Number of protein chains: 2
Amino acid sequence: MTTYTAINLIARPKGGPIGPELFEVVQKDMPSVGEGQFLIKQTHMSLDPAMFGWMSPDTESYIAPVELGTVMRSSGIGEVVESNHPDFQVGDRVTGLLGWQEYILTNGKGLNKVKAPLPDEAILSIFALPGLTATQGLFTIGKPKAGETIVVSGAAGSVGSIVGQLAKAEGLTVVGVVGNDEKADWIVNELGFDGAINYKTDDLEDKLAELTPEGIDIYFENTGGPIQHHVFARMNTHGRIAVCGMIADYPKAEPDLAPNWIPMIKKRLTVQGYAMPDHFGEIPQLLEKLTPYVMQGKIKYRSHILEGLESAITGLNLFFTGGNKGKLIVKL
Amino acid sequence: MTTYTAINLIARPKGGPIGPELFEVVQKDMPSVGEGQFLIKQTHMSLDPAMFGWMSPDTESYIAPVELGTVMRSSGIGEVVESNHPDFQVGDRVTGLLGWQEYILTNGKGLNKVKAPLPDEAILSIFALPGLTATQGLFTIGKPKAGETIVVSGAAGSVGSIVGQLAKAEGLTVVGVVGNDEKADWIVNELGFDGAINYKTDDLEDKLAELTPEGIDIYFENTGGPIQHHVFARMNTHGRIAVCGMIADYPKAEPDLAPNWIPMIKKRLTVQGYAMPDHFGEIPQLLEKLTPYVMQGKIKYRSHILEGLESAITGLNLFFTGGNKGKLIVKL
């Protein structure tokens with residue numbers, strides 16, 4: 001093989017679905033591996049809602065946007081196939097921001113070796129961005145206490161499903177908000193959530209009242225949308241809201257407004273946005289919290305596999321339609 | 001004197017101006033002072049925006065609403081005129097929730113003796129609710145650091161004016177939002193704010209950009225209204241917002257919506273509502289923070305005095321019109 005395929009970002013999304021006009025598929029020459037370098041063959045790429053932020057031109061975001069004309073950013077997992085680096089051997093598995101490309105030449109900076117004997121899908125679904133994001137938001141912002149009630153939007157998503165299972169393991173009443181009945185069934189009957197709301201078909205106010213008779217202590221926000229207003233109205237005194245994602249609003253030119261702040265005073269609520277890059281230094285502590293639950297079998301996942309590098313392009317739209325079942329992963 | 005005047009709350013506000021139909025002015029018999037009791041003649045009552053919450057039927061608020069048919073709640077200062085209580089002597093000055101009435105018979109519970117040799121207006125303007133509220137919100141939620149920029153809405157109000165002066169003393173750039181030019185002049189030329197915005201006449205976006213060239217690190221929210229959206233849009237990464245009051249929205253049947261939460265994630269903002277009753281246990285620490293600045297002459301105040309108990313009723317509307325100049329106090 002003398003060339004490999006990569007996909008560059010060449011335009012910014014303007015709202016609406018993601019299409020091929022934003023990208024160009026290019027063939028690149030296989031690089032030669034210099035001293036202190038190694039070559040990774042990527043096996044699985046992760047698709048995450050955070051990528052919409054990385055594509056946008058907003059320089060105020062927590063991480064610089066992808067420069068136009070360069071490889072689209074993504075996290076992934078791969079295998080070392082050639083190495084002139086003392087710490088990485090052929091056959092080692094590594095994760096990191098590998099991008100939308102089949103091969104990556106690197107000096108290893110920012111990459112981590114995978115030691116857990118788990119399949120690629122499990123690594124990308126639990127121990128990569130989703131699991132760390134879930135653990136950070138739930139514990140640091142949510143401060144869960146046994147007996148409290150948490151509502152998680154995007155509850156069948158890669159982050160939401162882990163948040164709910166962690167909260168359940170901590171002894172909370174857990175209600176998930178999802179976009180179809182199959183997901184509702186999955187989070188309740190497979191993951192052990194106490195209840196599910198289908199935001200597309202349920203009467204949000206009634207169903208939420210029925211499932212949270214003692215109000216809501218923690219809201220883990222992955223989506224935005226009308227459910228936000230209904231949850232906000234049922235928050236208990238000293239409630240905490242972790243704002244992790246607003247997927248319902250990302251594609252809108254004019255995002256919906258949020259609930260008025262009067263209840264923030266009356267109930268002394270805290271609403272806090274966060275993003276993992278601020279907390280990379282805390283990963284060891286997060287893993288200490290997360291790993292035992294994984295080892296006890298309390299954190300289940302499912303992945304939704306797309307085949308082939310180019311499937312990533314339109315695959316991103318599954319976040320908007322809710323068409324994915326579990327963690328979106330592209331198999332190369 | 002065998003009777004005294006008191007004002008009972010007899011109806012809940014429904015939005016719009018506060019009128020005499022919500023109250024009844026009653027004459028009560030002067031009580032006799034039993035063992036362990038004393039009688040206070042109130043000299044000055046404080047009017048505070050928090051009173052709108054106390055009048056509303058919302059049982060979720062941080063303090064139970066005033067029961068209909070009972071004396072309207074307010075804080076005030078008065079003098080002991082008769083005492084059968086070992087700890088309170090005739091002539092002592094006391095503060096606490098004295099209510100809308102000329103005389104108060106009490107066992108002293110919840111009241112504090114005033115020892116500082118300051119006039120009644122200064123006590124009610126700085127060391128009572130306004131100063132404590134300002135100190136709590138600024139330091140605990142705002143976490144000010146020298147060199148940062150803070151915007152304070154309701155900046156000429158009893159809380160806002162103290163927040164701004166404390167922030168100035170801590171080395172921040174301080175911008176206040178007010179409703180007329182006289183207040184703008186006062187906060188800049190008397191209190192030492194770095195800039196003022198008249199939300200009624202200035203172009204909010206332009207003026208805010210001009211006065212906060214490096215963005216906004218802390219927003220101290222006393223009002224709500226359109227300025228909230230403009231400030232929110234200029235918040236810096238890791239910005240903090242203390243939500244203390246929403247006076248612009250209290251009289252509205254349908255309060256305005258707040259900014260979408262996407263920037264909460266991008267900039268990892270924290271928005272936190274609070275109310276002093278949660279923090280009464282921290283008053284000694286708050287006074288430790290506040291008192292030195294007062295003693296150094298760094299905290300100026302002005303009070304707007306209304307004459308006579310019944311002036312309280314329509315006086316409350318000054319909060320909505322912004323017609324008050326400084327701390328609203330009713331002189332009895």
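Predicted model: local features only at pLDDT ≥ 70, side-chain atom pairs only at ≥ 80, totals over all residues.
**Entry 1: A:F220**

I left aside its neighbours within four places in sequence. The contacts of A:F220 are then A:G137, A:L138, A:G142, A:I150, A:V152, A:G160, A:V163, A:A242 and A:C244.

Where does A:F220 lie in chain A? I found it in strand β12, which covers residues 216-221.

**Entry 2: two helices in chain A**

I turned to helix α3 (residues 129-142) and helix α9 (residues 283-295) of chain A. Their axes come within 10 Å and cross at roughly 90°. Angles of 65 to 115 degrees count as roughly perpendicular, so that is how α3(A) and α9(A) stand to each other.

Which residues meet here? From α3(A) I noted A:G131, A:L132, A:T135, A:Q136 and A:F139. From α9(A) I noted A:I283, A:L286, A:K289 and A:L290. I sorted this contact by class: 5 nonpolar, 3 polar and 1 charged residues.

**Entry 3: two helices in chain B**

I then took helix α6 (residues 204-211) and helix α7 (residues 226-233) of chain B. They pack at an angle of about 45°, and their axes are 10 Å apart. That angle makes α6(B) oblique to α7(B). I noted the crossing of α6(B) and α7(B) as right-handed.

On the α6(B) side, B:L204, B:E205 and B:L208 make the contact.

**Entry 4: chain A against chain B**

How many residues does the contact take from each chain? I read 32 from chain A and 32 from chain B. On the side of chain A that touches chain B, the elements giving two or more residues are α8 (262-266) and β14 (270-273) of chain A. The residues of that side divide into 16 nonpolar, 7 polar and 9 charged.

Last, I laid chain A on chain B. A turn of 180° and a shift of 0.0 Å along the axis do it, with an RMSD of 0.1 Å. That is the relation of a two-fold axis. The same surface serves both copies, and 100% of the contact residues of chain A recur in chain B.

Terms used. Residues numbered from 1 in each chain as written. Chains lettered and ligands numbered in written order. Least-squares fit on C-alpha atoms with pLDDT ≥ 70 in both. Contact = placed C-beta atoms within 7 Å. Helix = DSSP H or I, 4+ residues; strand = E, 2+ residues; numbered from the N terminus. Axes fitted to C-alpha atoms, helices over the stretch in contact; angles between N-to-C directions. Parallel < 35°, antiparallel > 145°, perpendicular 65-115°, else oblique. Left-handed = near helix turned anticlockwise from the far one by under 90°. Nonpolar A, V, L, I, M, F, W, Y, C, P; charged D, E, K, R; others polar.
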